[in-house]
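The following exercises are to be worked through with the sequence and the coordinates at hand. Each task is followed by a stepwise solution.

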Amino acid sequence: MLFQIFDAFKPRLHDSNSKVNQVALEAMHKIIPLLKDNLSPVINMLIPAIVDNNLNSKNPGIYAAATNVIQALCQHLDNSLLLQPFCTKAQFLSGKAKQDLTEKLA
């Protein structure tokens, strides 16, 4: 069930319509504290959708929302669940996104 929900939700996290994208990120920020470690089965699918394009976005609303989601993940999930997906993404990112994710890893 969780996979079906997030399979449908994931494309909104990098929607070409910036308003849809931002609202999806803001919704994700609210979902994380509710589901916490129950997100573990879908975390490898969610991290790329949250990070790709959003952490390097020129749109300040999208960047802020993505940063808030990453912060919520760090606060509410076991850090061991985040280590591998964050490391994998940090290897292939550039610019501010790489810097932000590397700081979270540190």
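**Exercise 1.** Leaving aside neighbours within four places in sequence, which residues is Met28 in contact with?

*Solution.* The model is predicted: local features need pLDDT of at least 70, side-chain atom pairs count only at pLDDT 80 or more, and totals for chains, interfaces and linings use all residues. Residues are numbered from 1 along each chain as its sequence is written, and side-chain values use heavy atoms, with hydrogens and water left out.

Step 1. Contact means heavy atoms within 4.5 Å. With this criterion, Met28 is in contact with Phe6, Phe9, Leu13, Leu39, Leu46, Ile50 and Val69.

**Exercise 2.** Determine how many salt bridges a search of the whole structure finds, and describe them.

*Solution.* Step 1. A salt bridge is a side-chain nitrogen of Lys or Arg within 4 Å of a carboxyl oxygen of Asp or Glu. The search finds three.

Step 1. Lys89 pairs with Asp52, with the closest N and O atoms 2.6 Å apart. Because Lys89 lies in helix H5 and Asp52 in the loop between H3 and H4, this pair ties together parts that are 37 residues apart in sequence. Lys89 is buried at 15% relative accessibility, where buried means under 20% relative accessible area, exposed over 50% and partly exposed in between (1.4 Å probe, protein chains only). Asp52 is partly exposed at 28%.

Step 2. Asp15 and Arg12 form a salt bridge with a closest N and O separation of 3.0 Å. Asp15 is buried at 18%, whereas Arg12 is partly exposed at 36%.

Step 3. Asp100 and Lys96 meet at 3.6 Å, N to O. Both lie in helix H6, four residues apart, about one turn of the helix.

**Exercise 3.** Is Asp100 buried or exposed, and with which side chain does Asp100 make a polar contact?

*Solution.* Step 1. Asp100 has 14% relative accessibility and therefore counts as buried.

Step 1. The side chain of Asp100 makes a polar contact with that of Tyr63 at 2.6 Å. A polar contact is a pair of N or O atoms within 3.5 Å; within protein, one must be able to donate a hydrogen and the other to accept it, and residues adjacent in sequence count only if both atoms are side-chain atoms.

Terms used
Helix = DSSP H or I, 4+ residues; strand = E, 2+ residues; numbered from the N terminus.
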